[in-house]
Amino acid sequence: MKIAIIGGGAAGFFAAISAKEHHAAAQVILFEKSNKLLAKVRISGGGRCNVTTGCTSTKLLTEAYPRGGKALKKAFQVFHPKDTMAWFESRGVALKTEADGRVFPVSNNSQTIIDCLMKATQKLGIQIEMSKGIKAICPTAGERLRLEFSDKNASPLTFDKVIVATGGSPKRSGLEWLEGLGHQVVDPLPSLFTFNMPAESVTKLMGVVAEDALVSVQGTKLKSAGPVLVTHWGMSGPAVLKLSSLAARILHEKSYEFTAQINWINIPNQNAIIAELNDIIAEHSQKMLSSVKPFSLPQRLWLYLLKRSEMPTDKRWSELGKKGQNKLTTTLSNDIYQVKGKTTFKEEFVTCGGVSLESIDMKTMQSRACPNLYFAGEVMNIDGITGGFNFQAAWTTGFIAGKLA
């Protein structure tokens, strides 16, 4: 049996390894159109590689995927994040789970994951063909599949099974070769991006992090909690990236122009905020507002919020008054910013959209439109929030596709 894997990313490598491990006698060939392998693995997590999530609850796992969560529920029963960790650890990769649930190699170096995957393919005798773009998949007699290459000088090759793991496409045109086989395609859109705020003065706080904030899109029920990073163009950080994923299609419809509401301290109850301010007044009545920052806010952010609330920094806490308390409370819990545009991570580009799950049997990852064709990873209409969930979807779907191809 001959099995072709199209795509040299995380899903492609895992599909190839799974295929060879489950079908030792098969010839497995992985085709990558570029001259780079595992590019996203290399740069993910700032070069540390957020390999998976420490989340063990299937319910919480599925909720981490704005698109495809329900379809992945049974798939996670086959290959769970715990299985991912066991797989890498059994091959000598020490892993650690950080406080926020993200899982990284102890080495803090994505090369550790790359080396592990490369070693596995070499040990299994998987053939890797670089700079081999696929132009078309053509069904043949006997339900075999012929691959035609972008290079006109490359002769077509025929396989018994083909697994497509090409990753997300930024444009629908990049999916037309699969649409032509009868698959439904959902228009691809960016699903992890930061918020541009060109007219907002908050950008002067570049580098400041609010460790526990709540970000929402005004006019919707969509919100996300976690750290917010102020950048020179606007806002980023886990809370913003998660919200961008949850609201990907809504924000696209708004042309990425909307109002973001920031609760800098993630305390929705305003009475609780006022109570904290009253405690400070009682204990530090003669101190300046600038010298006592509430809720462990970064000093630069606190001074900025005072100015935003029209509060002189040399005012004493005892002089704040109810009006001042209300102003500060509103700024802390319901700060308003105008977003005009987005910034995506070029190499870490994640899309929602792709091949519709209605065109795929999610128990086997096999195409419903083309027998013996399988899918793995982000080429499908599956995407998760930040935190290792997108890699986990790649490992899970790649494992299943490789096993059942």
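The structure is a predicted model, in which local features need pLDDT of at least 70 and side-chain atom pairs count only at pLDDT 80 or more, while totals for chains, interfaces and linings use all residues. Residues are numbered from 1 along each chain as its sequence is written, and side-chain values use heavy atoms, with hydrogens and water left out. The secondary structure of the chain comes to 13 helices and 22 strands; helices (H or I, at least four residues) and strands (E, at least two) are DSSP runs, numbered from the N terminus.

**Overall form**

- Along the principal axes, the C-alpha atoms of the chain fill a box of roughly 85 × 45 × 35 Å.
- Of the 405 residues of the chain, 51% count as buried. Buried means under 20% relative accessible area, exposed means over 50%, and partly exposed lies in between (1.4 Å probe, protein chains only).
- Among the contacts in the chain with a separation of 6 or more, 72% come from residues 24 or more positions apart. Contact means heavy atoms within 4.5 Å.

**Nonpolar cores**

- A nonpolar core is a set of buried Ala, Val, Leu, Ile, Met, Phe, Trp, Tyr and Cys residues joined through side-chain atoms within 4.5 Å.
- The largest nonpolar core has 81 residues, of which Phe-88, Leu-117, Ile-137, Leu-147, Val-162 and Val-164 touch the most other members.
- A second, separate core holds 43 residues, including Val-228, Leu-243, Phe-258 and Trp-317.
- Leaving aside its neighbours within four places in sequence, Ile-137 is in contact with Ile-6, Leu-145, Arg-146, Leu-147, Val-162, Val-164, Trp-177, Leu-178, Leu-181 and Leu-373.

**Strand β16 and its partners**

- Strand β16 (residues 257-263) is largely enclosed by the rest of the structure, because 6 of its 7 residues are buried.
- Strand β13 (residues 209-217) and β16 pair in the antiparallel sense over 4 bridges. Two strands pair if DSSP finds at least two bridges between them.
- β16 also pairs with strand β17 (residues 335-340), in the antiparallel sense and over 6 bridges.
- Ala-260 in β16 stands opposite Val-217, and the bridge partner of Ala-260 in β17 is Tyr-337.

**A three-stranded open sheet**

- An open sheet of 3 strands has the order β3-β5-β4, with antiparallel pairing.
- β3 (52-53) and β4 (95-97) each have a single partner strand and stand at the edges, so one side of each is left without a neighbour in the sheet.
- The antiparallel pairing of β4 with strand β5 (residues 102-105) runs over 3 bridges, and Thr-97 stands opposite Val-103 in β5.

**Packing of helices α4 and α13**

- Helix α4 (residues 69-78) packs against helix α13 (residues 389-404) at an angle of about 70°, with their axes 10 Å apart. Axes are lines fitted to C-alpha atoms, for helices over the stretch in contact, and angles run from 0 to 180 degrees between N-to-C directions.
- The two helices, α4 and α13, are therefore roughly perpendicular to each other (65 to 115 degrees).
- On the α4 side, the contact is made by Leu-72, Ala-75, Phe-76 and Val-78, and on the α13 side by Gln-392, Ala-393, Thr-396, Thr-397, Phe-399 and Ile-400.
- The residues of this contact between α4 and α13 divide into 7 nonpolar, 3 polar and no charged. Here Ala, Val, Leu, Ile, Met, Phe, Trp, Tyr, Cys and Pro count as nonpolar, Asp, Glu, Lys and Arg as charged, and the others, Gly among them, as polar.

**Residues with positive phi**

- Most residues other than glycine have a negative phi.
- Glu-143, in the loop between β7 (134-139) and β8 (145-149), has a positive phi near 60°. Glu-143 is partly exposed, with a relative accessible area of 48%.
- Met-365, in the loop between β20 and β21 (366-367), has a positive phi of about 70° although it is not a glycine. Met-365 is buried, with a relative accessible area of 0%.

**Buried loop residues**

- Ser-356 lies in the loop between β19 (351-355) and β20 (360-361) and counts as buried at 8% relative accessibility.
- Not counting residues up to four places away in sequence, Ser-356 touches Gln-184, Val-185, Val-186 and Asn-381.
- Ala-26, in the loop between α1 (10-22) and β2 (27-31), counts as buried at 4% relative accessibility.
- Beyond its neighbours within four places in sequence, Ala-26 is in contact with Met-1, Ile-3 and Lys-20.
- Ala-26 and Thr-52 are 26 residues apart in sequence and 29 Å apart in space, C-alpha to C-alpha.

Methods: Angles under 35 degrees count as roughly parallel, over 145 as roughly antiparallel, 65 to 115 as roughly perpendicular and the rest as oblique.
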